[in-house]
Structure formats: C-alpha cells, structure tokens
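Me: I have a protein and its ligand open here. Could we go through the contacts together?

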Amino acid sequence: MIPDDLIALLRAARHVVVFTGAGVSAESGVPTFRDALTGLWARFDAETLATPEAFAADPDLVWGWYEWRRARVLQARPNPAHFAIAALARHVPELTLITQNVDDLHERAGSLRPIHLHGGLEATRCFDCGQPAPRSSEVPNEPEGGRRLAPPQCAVCGGNIRPGVVWFGEPLPEAAWLVAVTATEACDVLFSIGTSSLVHPAAELPMHAARRGAAVIQVNPSATALDRVAHFNLVGLAGTVMPDLLAATWGRSDN
Ligand code: BV8
Ligand code: ZN
C-alpha cells in the first residue's frame with residue numbers, strides 16, 4: 001500500500017536520487033553480496049574475500065569467485081524493480097541513479113549512466129601495473145559450487161588480471177563519488193533500495209540526504225540502520241514495491 005502523502009511528494013519531486021544495493025538484483029537470481037558465499041567460498045566472509053590481500057594470497061580462489069558471480073549475472077535478466085527504476089526517470093524532471101552493485105542489470109533495464117560506486121564485474125585490469133585488460137568474450141560456465149580459476153596474465157608485465165571492482169580497503173572512484181555526493185546534496189527525494197546500509201562511505205549518502213531535509217524512502221524486506229532515519233519505510237521486495245509505487249503515482253508501472 002503506497003501512502004497518499006508519498007504519492008503527492010513524488011508527483012511534485014524535482015530531483016530524485018535512487019541509491020541501490022544488491023537487494024535490487026536479488027529477484028533476478030543474482031545472490032546478494034552476503035549470499036554469494038556458497039560452496040568453495042562458504043568458509044569466508046565477503047569482507048575478507050573482496051580484498052586485495054585475499055587476491056594477492058590466493059588469486060585462483062578470488063578470481064574463481066568473481067567468474068562464478070559474473071556467470072550468474074550473465075545468466076540473469078533485469079527484474080521489475082530495475083524496469084520500474086528505469087521508468088521512474090521518465091516521470092520526474094531529474095533522476096540520478098547511484099548503485100553499489102557490480103552487475104549491469106540497471107543498464108540492461110534501460111537506466112542511463114548509473115553511477116557505479118564499487119566498480120563493475122565487466123571491467124578488468126592488471127593487479128600489478130594497472131593496465132586495463134580486455135575481457136575475454138566467452139561466457140564463463142562456472143560449476144555451482146565454484147572452482148579455483150587462474151586469472152589471465154597481463155600482456156604488458158605478466159601480472160595477474162583482477163576484477164575492476166572496488167575491494168574493501170580500496171578508495172571509491174573519485175569521479176563517481178563526487179557525482180554521487182553532489183546529487184545527494186541537490187536532491188529533494190532519495191530512494192534507498194535493497195541495501196543493508198553497512199558498507200561505507202556509500203551508506204552515508206542516505207543519511208546525508210536525510211540530514212539535509214530531503215525525503216528518504218527505503219525499500220527493503222528487512223530492517224536496516226536506515227529505518228530510524230527514513231521518512232517512508234516500504235517493507236517488501238523491490239520487484240513488487242517499485243512497480244506498485246509507479247502505478248499508484250502515475251497510473252502505469254512500466255512506461
Ligand atoms: C574505503 C565490490 C578508504 C566488491 C564492495 C566507516 C565505518 C565502518 C567501516 C568503514 C568506514 N569507512 C571505510 C570502512 C571500511 C569498509 C567498510 O565499509 N566496511 C564495512 C563492511 C564495515 N569500506 C571500505 O573499505 C571502502 N573503502 O573506505 O576506502 C580509503 C580511502 C583512501 C585510500 C584508501 C582507502 C570500500 C567499500 C567497497 C567494498 N566493495 N563491492 C564485490 O562486490 O565483490 S561492497 C559490497 O557491499 C557490494 O558492492 C554491495 O553492493 C555492498 C553493500 O552491500 P548491499 O548492496 O547492501 O548488499 P547486502 O547483501 O549487504 O544486503 C542486501 C540487502 O538487500 C539486505 O538489506 C536485504 O534485506 C535486501 N534485500 C534482499 N532481497 C531484496 C532486498 N531488498 C529489496 N528487494 C529484495 N528482493
Ligand atoms: Zn601488468
């Protein structure tokens with residue numbers, strides 16, 4: 001049920017920021033960040049595996065994990081939440097989409113230029129010299145339980161190729177972070193969709209918007225640290241809540 005005051009607020013919105021996390025891709029079958037640790041990687045927690053130290057210590061283990069996740073993303077399709085977010089941009093004067101996700105499902109649903117704060121699975125570069133490396137075109141066909149996989153070698157220095165994601169302990173891409181902070185400063189409405197609000201500095205964006213007086217709307221089936229700050233807590237799955245919200249506000253959920 002979408003509250004009437006939220007409908008009125010959205011119809012009058014000037015600049016909407018949509019901030020997403022792994023939960024927006026969950027209904028596409030892409031494991032959320034903390035659900036991705038199964039099989040071979042079940043004995044790790046994400047914060048230790050998604051680090052330069054883990055890759056340096058055991059490149060085959062970490063590269064295998066990313067290729068397994070990349071295979072899952074390539075097999076996945078955008079879900080109604082991705083399509084509703086893309087449609088939302090056609091109903092408001094200005095929309096900035098900021099995602100923590102490393103998949104390309106927002107792009108495949110038609111969202112233009114999402115800001116990836118944590119990089120992306122499709123980009124790769126040399127771990128040693130930083131030289132960007134072309135992605136091999138073949139789709140990885142990784143077994144369910146995962147496997148160790150030797151990363152490709154850099155054509156320039158022979159070093160190991162790494163995924164182009166931001167690992168824990170690594171800085172966020174400066175340009176992406178600047179655009180995200182500027183949009184959060186300027187918006188009058190911010191959606192936080194499908195994130196546990198645990199990873200910093202990204203998790204600070206909705207808090208900052210609320211402190212500035214922007215209306216913060218959270219969409220999540222579970223409680224998060226944002227519950228006490230959000231003006232609207234829409235408890236439910238993004239794939240249901242977002243289409244309902246568009247239909248209640250503008251009569252359609254997919255245009
Ligand atoms: C940095 C790429 C500095 C890799 C990721 C301040 C306080 C505390 C800690 C820190 C701090 N500042 C820095 C830190 C350290 C650290 C950090 O935040 N640690 C945490 C764990 C405590 N941060 C960093 O290291 C960052 N770097 O600060 O650098 C610096 C500066 C200069 C020079 C050097 C260094 C870098 C952080 C980036 C890490 N990389 N991803 C990869 O993907 O493998 S983060 C990773 O977590 C993913 O990107 C993911 O998107 C992100 C956040 O997780 P969520 O998206 O929220 O996913 P999660 O699974 O947690 O939750 C899913 C949610 O969805 C749940 O709430 C669930 O209920 C909900 N859900 C499920 N289904 C649905 C749903 N919702 C709606 N619909 C559904 N159907
Ligand atoms: Zn190199």
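Me: What does the side chain of Asn220 lie close to, in terms of distance to ligand 1?
Reply: In this predicted model, a polar side-chain atom of Asn220 lies 2.8 Å from an oxygen atom of ligand 1.

Me: And Thr195, which kind of ligand atom does its side chain approach?
Reply: An oxygen atom of ligand 1, which lies 2.8 Å from a polar side-chain atom of Thr195.

Me: What about Ala238, backbone or side chain?
Reply: Backbone: an N or O atom of Ala238 lies 2.9 Å from a nitrogen atom of ligand 1.

Me: How much of the ligand's accessible area does the protein cover?
Reply: The protein covers 74% of the 1500 Å² that ligand 1 has on its own. The space taken by ligand 1 is the largest pocket.

Me: How many residues surround ligand 1, and which are the closest?
Reply: There are 36 residues around ligand 1, the closest being Arg34, Tyr66, Arg69, Val166 and Ser196. By class, the shell has 18 nonpolar, 13 polar and five charged residues.

Me: Changing topic to backbone geometry: where is the cis peptide bond?
Reply: The bond joins His200 and Pro201, with omega about 0 degrees. Pro201 lies in the loop between β6 (189-193) and α9 (204-212).

Me: Which non-glycine residue has a positive phi?
Reply: Arg113, with phi about 45 degrees. Arg113 is found in the loop between α7 (105-108) and β3 (115-116).

Key: Residues numbered from 1 in each chain as written. Chains lettered and ligands numbered in written order. Predicted model: local features only at pLDDT ≥ 70, side-chain atom pairs only at ≥ 80, totals over all residues. Heavy atoms only, no water. Near = heavy atom within 4 Å. Polar contact = N/O pair within 3.5 Å; in protein donor to acceptor, adjacent residues only side chain to side chain. Areas by Shrake-Rupley, 256 points an atom, 1.4 Å probe, with all protein chains shown as cover. 1 Å grid on protein atoms, 1.4 Å probe; cavity = no way out; pocket = protein on both sides within 12 Å on 5 of 7 lines; lining within 4 Å. Sits in = over half its atoms within 2 Å of the grid points. Nonpolar A, V, L, I, M, F, W, Y, C, P; charged D, E, K, R; others polar. Helix = DSSP H or I, 4+ residues; strand = E, 2+ residues; numbered from the N terminus.
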